[in-house]
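Biologist: Hi! Could you walk me through this structure while we look at it together?

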Amino acid sequence: MSTLAGPDSTRERVIAAATAEFARHGIAGARIERIAKAARTSKERLYAYFRSKEELYATVAAKELAAVADATHLDPTDLPGYAGRVHDYFTAHPERLRLMNWGRLELAGSADPDPDGALQATVRHKTGQLRDAQEAGHLDPSWDPADILVFVSQLAMSWVGQTDLLPAGEEERTAFLAARRAAVVAAVQRLFPAATA
């Protein structure tokens, strides 16, 4: 089977359909039949690309992690700016955070919660960047890099999914989210100030 695939290939259509399905229903609730139908293919064809629903989820999750990393770009010398970008990304795409959270919830008790190691690889890469910044004098070395990453990420995403607290009007909502973003950036700035030239 050729690994080269056009932008509208069956495999890419399956991944796109699975992304929507997993975000909506989680891994356990997702149905291969619905994914195949949305991708305009058969279950048999889908299984030619992915041996199981879990393998398909791992592919989707790895692709999402790469998209998040690309869109938010971790700059260890400017963690407040990074937090603002993470806030913006997940505020604009709450379904993507939901997709990742389903995986954390449903795979947490399994023997191998990160089958392809995509999340662990991402965490190792980012903590390595933070450690390098500490060694270069850009970040307080008394913090564990893993704590820095988790604290910044959690602050950045703290308002994502809080739809019940958002004002009803679009103008008010925009102003409210801008204020929340400013609060997130200010909180990270206090914990991990951006490096000065």
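Modeller: Happy to! Let's begin at phenylalanine 151, which has 36% relative accessibility and so counts as partly exposed. Keep in mind that this is a predicted model.

Biologist: Nice. And how are the rings of tryptophan 159 and phenylalanine 176 arranged?

Modeller: Their centres are 5.5 Å apart and their planes are at 90°, so this pair is edge-to-face. Tryptophan 159 sits in the loop between helix H8 (145-156) and helix H9 (170-191), while phenylalanine 176 is in helix H9, so the pair ties together parts 17 residues apart in sequence. Tryptophan 159 counts as partly exposed because its relative accessibility is 26%.

Biologist: New topic! Which residues have the most contacts inside the largest nonpolar core?

Modeller: That core has 22 residues, and the ones with the most contacts inside it are Val14, Phe22, Ile35, Leu46, Leu56, Val60 and Leu99. Helices H1 (10-29), H2 (32-38), H4 (53-72) and H6 (94-107) each give two or more residues to it. H1 provides the largest share, with seven residues.

Biologist: Is there another core apart from that one, or what else is there? Which residues are in it?

Modeller: Another core lies apart from it, with 21 residues, including Leu74, Ala83, Phe90 and Met157. As background, nonpolar side chains in soluble globular proteins tend to be buried together.

Biologist: Back to valine 14: what is it in contact with?

Modeller: Beyond its neighbours within four places in sequence, valine 14 contacts Ile35, Ala39, Thr41, Leu46, Phe50 and Leu56. Val14 is one of the buried residues of H1, as are Phe22 and Ala23.

Biologist: And where does H1 bend?

Modeller: H1 bends at alanine 23, by about 85°. Its end C-alpha atoms are only 22 Å apart, whereas a straight helix of 20 residues would span 28 Å.

Biologist: Last one: where does pLDDT stay under 50?

Modeller: Over residues 1-5, for which the model has two contacts beyond four places in sequence. Where pLDDT is low, the predicted coordinates should not be read in detail. For the protein, the mean pLDDT is 87, and 90% of its residues reach 70 or more.

How values were computed: Residues are numbered from 1 along each chain as its sequence is written. This is a predicted model: local features need pLDDT of at least 70, side-chain atom pairs count only at pLDDT 80 or more; totals for chains, interfaces and linings use all residues. Side-chain values use heavy atoms; hydrogens and water are left out. A nonpolar core is a set of buried Ala, Val, Leu, Ile, Met, Phe, Trp, Tyr and Cys residues joined through side-chain atoms within 4.5 Å. Buried means under 20% relative accessible area, exposed over 50%, partly exposed in between (1.4 Å probe, protein chains only). Helices (H or I, at least four residues) and strands (E, at least two) are DSSP runs, numbered from the N terminus. Contact means heavy atoms within 4.5 Å. pLDDT is the predictor's confidence in each residue, from 0 to 100. The expected span of a helix is 1.5 Å times one less than its number of residues. The bend at a residue is the angle between axes fitted to the seven residues ending there and the seven starting there. Rings of Phe, Tyr and Trp (its six-membered ring) pair if their centres lie within 6.5 Å; planes under 30 degrees apart count as stacked, over 60 as edge-to-face and the rest as tilted.
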